[in-house]
Amino acid sequence: MTAFWILAPVMVLAALGILFVRKAVHAALLLAVVMISLAVLYAVLEAPFLFAVQIIVYTGAILMLFLFVLMLVGVDASDSVVETIRGQRVLATVFGLVLGLILVIGISQVTFGAAVGLDEANNGGNVPALANLLFSKYVFAFEATSALLITAAIGAMVLAHRERLTPKESQADAANRRMREYAATGRHPGPLPAPGVFARHNAVDTPALLPDGTASEASISRVLAARGSVRSAPALADDIEEVQRQLGQSPEQSPEVAGKSGAAATTEEQDAPGSEADAGASSSTNGAEEDEQ
Amino acid sequence: MNTEPYILLSAILFTIGCVGVLVRRNAIVVFMCVELMLNASNLALVTFAKANGNLDGQIAAFFVMVVAAAEVVVGLAIIMTIFRTRRSASVDDASLLKY
Amino acid sequence: MSSPIPLLSSLAAETHVPVVSPGTADGVFSLAWLVIVLPLAGAAILLLGGRRTNAWGHLLGTATVAGSFVLGLLMFFSMLGREVGERQVGQHLFTWIEAGGFTVGMDLLVDPLSILFVLLITGVGSLIHLYSIGYMAHDERRRRFFGYLNLFIAAMLMLVLAADYLGIFLGWEGVGLASYLLIGFWQHKPSAAAAAKKAFVMNRIGDIGMSLAIMLMFVTFGTTAFAGVSAAASGGSENTMNAIGLLLLLGACGKSAQVPLQAWLLDAMEGPTPVSALIHAATMVTAGVYLVTRSNFIFENAPVAQTAVVAVAVVTLLWGAIIGCAKDDIKKVLAGSTMSQIGYMMLGAGLGVAGYAFAIFHLLTHGFFKANMFLGAGSVMHATDDDVDMRHYGALARAVPITFLTFAMGYLAIIGFPGFSGFWSKDKIIETAFADNVWIGVAATIGAGVTAFYMTRLMLMTFFTKERWEPGVHPHESPKVMTIPLMVLAALSLLGGLLLAGNWITDWLTPVVGEAHHEHPPIPAWALTLIIVVVVAAGVAVAWFTIGRTEVPREAPTDVSVFTRAARADLYGDAINEGLVINPGRHAVTGLMAFDTSVIDAAVEGQASGVSGLAMVYRKVQNGFVRSYALSILVGAALVVAVMLVVNAG
C-alpha cells in the first residue's frame with residue numbers, strides 16, 4: 001500500500017493539473033505522469049502484463065501520438081482562459097463535484113471484503129494465464145478487436161489522406177506563377193529572407209533586418225511568431241544600439257570582439273545586466289520548451 | 001489488502017476526467033481527458049480482478065486499452081482534418097451543426 | 001330476381017298489393033338490356049367519338065332511341081299475348097354490388113307499368129329526337145346535344161327498368177346529370193348556367209330523401225330489391241313505412257318539381273325547347289310519379305306518407321296553374337302547366353290503388369299533349385326568331401298553320417275538351433278525388449278551370465288577336481322534320497283516350513298496382529263530368545272575355561293586382577326559398593366561417609404556433625457546442641448514479 005499512498009496524491013494532483021495548465025504540451029506531460037503512476041499501480045495489483053502494456057502502448061505510443069499531433073497542429077491552438085459558453089465552467093464544476101461526491105459516498109457505503117488475490121490465477125505466470133483466457137473465453141472479442149483496429153487504421157488513413165485535385169506544380173509553373181503574382185500584387189518573387197541575417201547571432205527566432213534596420217516578419221517562422229518567442233524588432237534595434245554604444249565607448253576592446261565574436265558575445269551577455277540578460281533567459285527557456293515539444 | 005482506496009482513486013480520476021472534458025476547449029486536451037477517464041476505469045477493473053481473484057478484469061482492461069488506441073487514432077485523425085480546414089483545434093469552433 | 005318467391009303470395013293477398021315476383025326473361029324479353037344499352041351506346045359514341053361523328057351523330061342518336069322504341073313495342077306486344085300472371089319478367093344481368101350479406105344485382109324488371117314508360121320515353125323521345133334534327137340544325141354543338149339526349153333517355157330507361165331501388169337511384173342520378181347538361185346546354189348564357197345549377201341543386205335535395213329512403217329500406221328489410229321489399233313491406237312497422245314513404249316523396253318532389261321543390265322547373269326553360277319537351281313530357285318529371293306508383297307496396301302501408309302525397313299534389317296543381325295564368329313567356333306558361341299536371345298525376349298516385357292507374361294514364365296522355373305543345377311552342381319560336389314573349393305574337397294561326405292545328409289538339413287535350421285524351425284522364429282523376437274527399441275533388445276541379453283559363457289565354461295571345469310581331473320578324477312554317485313529330489303527337493293527343501276504352505289501362509296495370517275496389521263518388525259520374533266540363537267552359541269564357549275581346553298590350557302592364565304580381569313571381573317560390581333556406585344558410589355559413597377562423601383555426605394554429613414558439617426557445621439548447629451536450633450527459637450520468645444509490649440504499 002505504500003506505493004499507492006505515495007502515488008495516489010501525485011496522480012490526483014497531476015490529473016487536476018490537466019484541468020488548469022494553459023498549454024497542451026504540459027497537459028500531455030501531466031497525463032504521462034498519471035499513466036506511468038497507473039502502470040506502477042497495475043504492477044502492485046499483480047498485473048505485470050498490463051503494467052508493460054500501459055507503459056508501452058499508452059505512455060509510449062498513444063501519448064507520443066498526442067505529442068505528434070500537437071506538433072502538427074502547432075501552438076496556434078493554445079487555450080484561452082476566457083470561457084465562451086456562459087455558465088459552462090460553473091455548471092461543469094458543480095456537477096463534476098456532485099458526481100464525484102455521489103461516487104465516493106456510494107463506494108464508501110460498499111463493504112469490501114479482503115481481496116482474494118491473484119496468486120492462484122497467476123499460478124502459471126500472469127501472461128500465460130491471460131493468454132489462456134484471451135484465446136479461449138474471449139477469442140471472439142479478440143477477433144472483433146482486430147477488425148476494429150484494421151478499421152481504425154484505414155479510417156485514419158482515409159481522414160489523413162489529401163486527394164490531389166490538380167496536377168503537381170512543376171518548377172517552371174512555380175516560376176511563372178510567382179512572376180504573375182508579382183505583376184498582379186507586387187508580391188516578391190524571390191525566396192523569403194533567411195532569419196538571423198544581419199543579427200548578432202544566427203538563430204531562427206531572430207528576424208532578419210531590413211536595410212532600414214526594421215525586422216523582416218517574412219524571415220521567421222509563423223509558428224514562432226504566434227508563440228511569441230521572437231525577439232521584437234525595436235528591442236533588437238535597442239540591442240544593436242547598445243552594442244554600438246559599447247563598441248564606440250570602448251574602441252580598444254573592439255579588436256577583441258571582432259576577433260572572437262562568439263565568445264565575446266557570450267561573455268557580454270552574461271555580464272550585461274537588465275533587459276539583455278532577461279531576454280537571454282527568456283530565449284533559453286523558450287529553447288528548452290521547444291526541445292520538449 | 002484493502003481495495004477500497006483504489007476504487008476511490010479511480011472514481012476521483014474519472015470525475016476529474018469528466019470535468020476536464022467539459023472545461024477544456026482544446027480538442028487534443030479534451031481527448032486527453034477522455035483517456036484519463038478510460039484509465040480511471042481501467043484501474044477499477046484491474047482492482048476488481050485482484051479483489052475477485054480472477055483475470056477477467058485484467059482482460060477487460062486490456063480490451064479497453066485496445067479500443068482506446070483505435071479511438072485515439074481515429075479521433076486524432078479527425079482533429080487533424082478539422083484543423084486542416086478550419087485552422088483551429090478548439091471544440092467550440094466546430095459548432096456549425098446547430099439551430 | 002330470376003327466382004320467384006312463392007311463399008310471399010299469401011302475404012300479398014292480405015295487403016291487396018301485388019308482390020313483385022317476376023318470371024324469367026325469355027324470347028324478346030331477354031333483349032330488355034338492349035333497350036337501355038342502345039341509347040347509352042349512342043351517347044358514348046357521340047360524346048367520346050368527337051368531331052368525327054359530327055356528320056351523322058344526330059342520325060345515330062335518333063336511330064338508337066328509335067331502336068329502343070321498336071324493342072319496347074316488340075316486348076309490349078309480346079306481353080299483350082301473355083297470361084295476366086306472367087306479365088312480370090325479370091332479367092338478371094350481373095351482380096352489381098356484393099358486400100357481406102348485402103347483394104345488389106343489376107336486374108331489370110319488365111312489367112305492365114315499366115313497359116308503358118318504356119314506350120312513352122322511347123316513343124316521345126324518338127319524336128323529340130327527330131324534331132331536334134331540325135330544331136338544332138344550325139347549332140354547332142348539335143352532335144353533343146344528341147349525345148346528352150341519348151344519355152338522358154338511357155338514364156330514364158334505367159330508372160324505369162331497374163328491379164332494385166339502387167338501380168332506380170342510378171337512373172335517377174343519371175337523369176339529374178343529363179338534365180343539368182341539357183338545361184345548361186347554352187352555357188354561354190349566364191341564365192342557362194344558373195338554371196342548370198339550380199335544377200341540379202334542388203334535385204340533390206330530393207336525392208337526399210331518395211338515398212335516405214333506400215338506406216332505411218336496407219336497414220329495415222335487408223334488401224333494396226323490389227321483390228324483397230314488396231314481400232316484406234306489409235310486415236314493417238307503420239312508422240318506418242311512413243318514414244320511407246315521406247323520404248321517397250321528398251325524392252319524388254325533387255324530380256317531379258312538386259312543392260316545395262318546384263322552383264327549378266320554370267328556370268329549366270333556359271334549355272333548348274326539345275329539352276323542355278323531353279324533361280316535361282317524357283322523362284324526368286314523370287320519374288316522381290313513377291317512383292310513387294312503383295313503390296305502391298310502401299305507400300299502401302304508409303297512410304301518413306300517402307296523405308302527404310295528396311297534400312303536395314293538390315298544392316302543386318293549383319300553384320302551377322296560378323303561375324301559368326300570369327306568365328307571358330310561352331315556355332313558362334307551359335312549364336307552369338306541367339307542374340300543375342304533374343300535380344294531378346301525383347294526386348292520382350296519392351289516392352292509392354284506385355288512382356294509380358289513372359295517374360299513369362294521365363301521365364301518358366300528358367306525355368303526348370305536353371310534348372306536342374312544347375314542340376309546337378318551339379316551332380312558334382322558330383317562326384319568330386326565338387322570341388318567347390307571347391305579347392310579341394298574335395295572329396300566328398295563319399302564318400304557321402300546321403303548328404297551329406297540332407298545337408290546338410294539344411290545347412284541347414289539356415283543358416279536357418270532351419273526347420280528347422286529357423278529358424278522359426283528368427276526369428278520371430278528379431272523379432277518384434271526389435270519391436276520396438270532396439274538398440280534394442273541388443280543388444282539382446278548380447285547377448281544371450284555371451288550366452282552361454291560362455291555356456286559352458296562351459292560345460289567344462299566340463294564334464289569335466292582333467299581330468304584335470317584332471319589326472323584321474316574318475313568321476314561317478317549320479320544316480317537315482319538325483312538323484311530322486308534331487302531327488304524330490297531335491294525333492296521339494287526340495286519340496290517347498282510347499287507352500281507357502273498356503278500362504284497358506286499369507286492367508293492364510292491375511298486376512302491378514292491385515285491384516281497385518270501386519268507390520262511388522258522392523254524385524253520379526256523369527254529373528261530375530258535366531260539372532267539370534262546365535267549369536272548364538267557364539275558364540275558357542273568362543279567358544275569351546279578358547284577353548280575346550280586348551287589346552293585348554305589347555308590354556306587360558305594371559299596374560296589376562297583388563295576385564298577378566305574386567303569380568308573375570312564381571308565387572314567390574324563389575323568395576320563399578331565399579328567405580327560408582338560402583339566406584339563413586348563408587348567414588349560418590358566414591357565422592360558421594367566422595367561428596371556424598376565430599375559434600377552430602385559432603385553436604389549431606395557436607397550438608401550432610405555440611409549439612413552434614416553444615421550439616424557437618428550446619432549440620437554443622441545440623447550440624452546437626459539443627461541451628454543452630457533454631454537460632447534459634454528465635448530468636444524466638450523475639442522476640443515474642444518484643438514483644441507483646437511493647434505490648440500493650432504500
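The legends below describe views of a predicted model.

View 1. Chain A has 12 helices and 0 strands. Followed along the sequence, the pattern reads α-α-α-α-α-α-α-α-α-α-α-α. Chain A has 293 residues, and 29% of them count as buried.

**View 2. Chain A and chain B share an interface.** On one side, 82 residues of chain A take part, in contact with 69 residues of chain B. The size of an interface is often given as the accessible area lost when the parts come together. For chain A and chain B, the area buried between them is about 6,900 Å², with 75% of it on carbon and sulfur atoms. Polar contacts are also present: 15 residue pairs between chain A and chain B are counted, with both residues at pLDDT 80 or more.

**View 3. Several helices of chain A supply the side that touches chain B.** The elements giving two or more residues to this side of chain A are α1 (2-20), α2 (24-44), α3 (48-73), α4 (88-109), α5 (126-134) and α6 (139-160). The largest share comes from α3(A), which gives 12 residues. Sorted by kind, the residues on this side of chain A are 62 nonpolar, 12 polar and 8 charged.

**View 4. A salt bridge links A:Lys137 and B:Asp56.** The side chains of these two residues, A:Lys137 and B:Asp56, meet with N to O at 3.0 Å. In total, 2 salt bridges are found across the interface of chain A and chain B.

**View 5. B:Arg24 reaches across to the backbone of chain A.** B:Arg24 sits in the loop between α1 (4-23) and α2 (27-52) of chain B. Is B:Arg24 buried or exposed? B:Arg24 counts as buried because its relative accessibility is 4%, and the cut-off for buried is under 20%. The side chain of B:Arg24 comes to 2.8 Å from the backbone oxygen of A:Val21. A polar atom of that side chain of B:Arg24 also lies 3.5 Å from the backbone oxygen of A:Leu19.

Conventions: Residues numbered from 1 in each chain as written. Chains lettered and ligands numbered in written order. Predicted model: local features only at pLDDT ≥ 70, side-chain atom pairs only at ≥ 80, totals over all residues. Heavy atoms only, no water. Helix = DSSP H or I, 4+ residues; strand = E, 2+ residues; numbered from the N terminus. Buried < 20%, exposed > 50% of the residue type's maximum accessible area, 1.4 Å probe, protein only. Contact = heavy atoms within 4.5 Å. Buried area = accessible area lost by both parts, 1.4 Å probe. Salt bridge = Lys/Arg side-chain N within 4 Å of Asp/Glu carboxyl O. Polar contact = N/O pair within 3.5 Å; in protein donor to acceptor, adjacent residues only side chain to side chain. Nonpolar A, V, L, I, M, F, W, Y, C, P; charged D, E, K, R; others polar.
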